[in-house]
Amino acid sequence: MRKKSFLSFLIMLLFAVTSCSSDEPTTTEPGSNLSGDAGKTLIVYFSWGGNTKTVANHIHNLIGGDIVEVETVIPYPDTYEEVTQIAPGELASDYRPELKTKVDNMDEYDTLIVGTPIWGGHLTLAMKSFLASYNLSGKAIAPFCTHGGSGTAQSVNDIRSVCPNSIILGSLAVYGSQVENSRADVERWLKQIGIIKNN
Ligand SMILES: Cc1cc2nc3c(=O)[nH]c(=O)nc-3n(C[C@H](O)[C@H](O)[C@H](O)COP(=O)(O)O)c2cc1C
């Protein structure tokens, strides 16, 4: 059973990588732009291997404000092999991992900058769990992801389905191997979607 789900996960992964493959260090996809001020902004991210955290830190260095890492109560295993054994079953069952991370003052935020690695072509379930825990109606969400070639894949659609009443801004995808060099592209994206205002 485990072998079967691992195999289907590999097929899904291959499909995700080849069907929408991107060798570009970063890519953007259109969405809404903020016309006014972003208001109080929270950067929130999940990162298993550190790539998404690096991009989140670029954003934080550029705009400051609050930043939160989403952590699960049961941590994911340390090795790539083990985590890829677990992830397919979780995705298939739309499992919602219990989270250590809680944001008590979510009502105060106007804009969320939401970062995730792509797992099996999707938003990670840790991030899905986080987003599903709050009423984010009317808030702006700026999605970013890091990936191994698939680009955003289904992750932005996943966010739309968990947050149907939020305003989804244009998204950014950063190739995992390029996160260290992505600061300028991150800044350009933040300007494009109106979080950093051009003078
Ligand atoms: C369980 C698992 C599934 C993954 N699935 C995909 C995928 O479908 N498409 C892709 O491009 N990369 C995939 N990757 C690669 C990660 O998205 C990429 O390495 C990302 O930068 C990792 O971010 P992190 O270091 O913040 O965890 C996967 C990695 C893991 C561990």
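Why does Glu-24 count as partly exposed? Glu-24 is partly exposed because 13 other C-beta atoms lie within 10 Å, given that a residue is called buried if 20 or more other C-beta atoms lie within 10 Å of its own, exposed if 12 or fewer, and partly exposed in between, with C-beta atoms placed from the backbone.

**View 1. Glu-24 in its loop.** This is a predicted model, in which local features need pLDDT of at least 70 and side-chain atom pairs count only at pLDDT 80 or more, while totals for chains, interfaces and linings use all residues. Residues are numbered from 1 along each chain as its sequence is written. Glu-24 sits in the loop between helix 1 and strand 1 (26–29), where helices (H or I, at least four residues) and strands (E, at least two) are DSSP runs numbered from the N terminus. Although Glu-24 and Gly-149 are 125 residues apart in sequence, their C-alpha atoms are 8.6 Å apart in space.

**View 2. The stretch 14–20.** The protein chain averages a pLDDT of 91, and 88% of the residues score at least 70; pLDDT is the predictor's confidence in each residue, from 0 to 100. Over residues 14–20, however, the pLDDT is below 50, and this stretch has 10 contacts in the model beyond near neighbours in sequence, a contact being two residues whose C-beta atoms, placed from the backbone, lie within 7 Å.

**View 3. The nonpolar core around Met-127.** The largest nonpolar core has 44 residues, and Met-127 is one of those with the most contacts inside it, together with Val-114, Ile-141 and Ala-142. Such a core is a set of buried Ala, Val, Leu, Ile, Met, Phe, Trp, Tyr and Cys residues joined through C-beta atoms within 7 Å. Leaving aside residues up to four places away in sequence, Met-127 touches Phe-46, Val-70, Val-114 and Thr-116.

**View 4. The shell around the ligand.** Among the 25 residues around the ligand, Gly-49, Thr-52, Pro-117, Gly-148 and Gly-176 come nearest, where a residue counts as near if its C-beta atom, placed from the backbone, lies within 6 Å. Helix 3 gives the most to this shell, with four residues.

**View 5. Helix 6 and its buried side.** In helix 6 (residues 183–192), Val-186, Trp-189 and Leu-190 are buried. These residues lie on the same side of helix 6 because they cover an arc of only 100 degrees around the axis, the arc being that of the directions from the helix axis to the C-beta atoms. Strand 1, helix 2 and strand 8 (171–175) are included in what covers the buried residues of helix 6.
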